[in-house]
Amino acid sequence: MIDLSKTGGKIIALAIAAAIVGLVVWGGLTLFGNGLNIRRTATLERGQAGAAVESGKDAIGTVAGAGRRDAGIDDQTRENDHAIRSAEGASAPVSDAADRAGRDSLCKRAAYRGSADCVQQPDPK
Amino acid sequence: MAAPTACSSLIPSEWREGVEGAPFPEGSTVGDWIAMVDAQTGQLDKANGRTVDTIGIIERCEARDRATVAEARKPWWQFW
């Protein structure tokens with residue numbers, strides 16, 4: 001046993017007590033830190049799940065809006081088509097050469113690559 | 001276990017194909033060609049709209065993911 005009546009014994013006892021306190025404090029800080037990490041991970045996972053749901057809703061809403069916009073554009077195209085064809089001079093013919101040049105030009109565009117209008121050429125006159 | 005959203009996966013697969021060009025003129029009159037030009041412009045409007053929408057969907061998705069990480073990184077003592 002440690003003899004506390006002597007200075008050496010007191011020093012040893014203090015050292016042991018300090019070591020015990022240090023271990024307790026270190027253990028407590030480690031547990032606290034681990035708890036914080038667990039909490040942080042849980043917060044992140046919850047947040048990511050929520051963000052994914054909100055982003056999905058946003059995308060669905062945006063795509064639906066795009067569909068309505070495209071339908072409106074098609075309506076405008078039909079309205080404009082009628083107005084154009086009803087205009088004076090709309091039935092005037094375009095020369096065969098200009099008509100051919102216009103179609104050939106369109107067929108050089110990527111948008112019409114593989115288009116049936118470009119694959120099938122009219123019989124030469 | 002949750003993971004950051006793959007934001008680009010939110011874009012419809014058919015949007016990756018692009019917008020089709022307007023149909024060729026039905027005949028060879030002035031009206032046919034002008035109507036085709038107008039229809040083509042309508043298709044351009046659709047394509048431009050999708051470009052804006054795509055960028056918006058991805059930007060907002062990325063902003064949500066950044067906010068999520070920032071929230072998780074807040075110090076334990078910061079309650080606001």
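Which residue forms a disulfide with Cys7(B)? In this predicted model, the partner is Cys61(B), and the two sulfur atoms lie 2.1 Å apart. The torsion about the S-S bond is about -80°, so this disulfide is left-handed. Cys7(B) belongs to the segment before helix H1 (30–72) of chain B, whereas Cys61(B) sits in helix H1 of chain B; the link therefore joins distant parts of the chain, 54 residues apart. Both Cys7(B) and Cys61(B) are buried.

Over all chains, the structure holds two disulfides. In chain A, Cys107(A) is joined to Cys118(A) with an S to S distance of 2.2 Å, and this link is left-handed, with -95° about the S-S bond. Because Cys107(A) lies in helix H2 of chain A and Cys118(A) in helix H3 of chain A, the pair ties together parts that are 11 residues apart in sequence. Cys107(A) is partly exposed, at 22% relative accessible area, while Cys118(A), at 14%, counts as buried.

The contact between the chains comes next. Chain A contributes 43 residues and chain B 45 residues. Together they bury about 3,600 Å², of which 61% is on carbon and sulfur atoms. Between chain A and chain B there are six salt bridges, including one in which the side chains of Asp74(A) and Lys46(B) meet at 2.6 Å, N to O. Polar contacts link 18 residue pairs across the two chains. On the side of chain A that touches chain B, helices H1 (7–86), H2 (96–107) and H3 (116–119) of chain A each give two or more residues. The largest share, 29 residues, comes from H1(A). By class, this side has 19 nonpolar, 11 polar and 13 charged residues.

Note on methods: Residues numbered from 1 in each chain as written. Chains lettered and ligands numbered in written order. Predicted model: local features only at pLDDT ≥ 70, side-chain atom pairs only at ≥ 80, totals over all residues. Heavy atoms only, no water. Contact = heavy atoms within 4.5 Å. Buried area = accessible area lost by both parts, 1.4 Å probe. Salt bridge = Lys/Arg side-chain N within 4 Å of Asp/Glu carboxyl O. Polar contact = N/O pair within 3.5 Å; in protein donor to acceptor, adjacent residues only side chain to side chain. Helix = DSSP H or I, 4+ residues; strand = E, 2+ residues; numbered from the N terminus. Nonpolar A, V, L, I, M, F, W, Y, C, P; charged D, E, K, R; others polar. Disulfide = S-S within 2.5 Å. Buried < 20%, exposed > 50% of the residue type's maximum accessible area, 1.4 Å probe, protein only.
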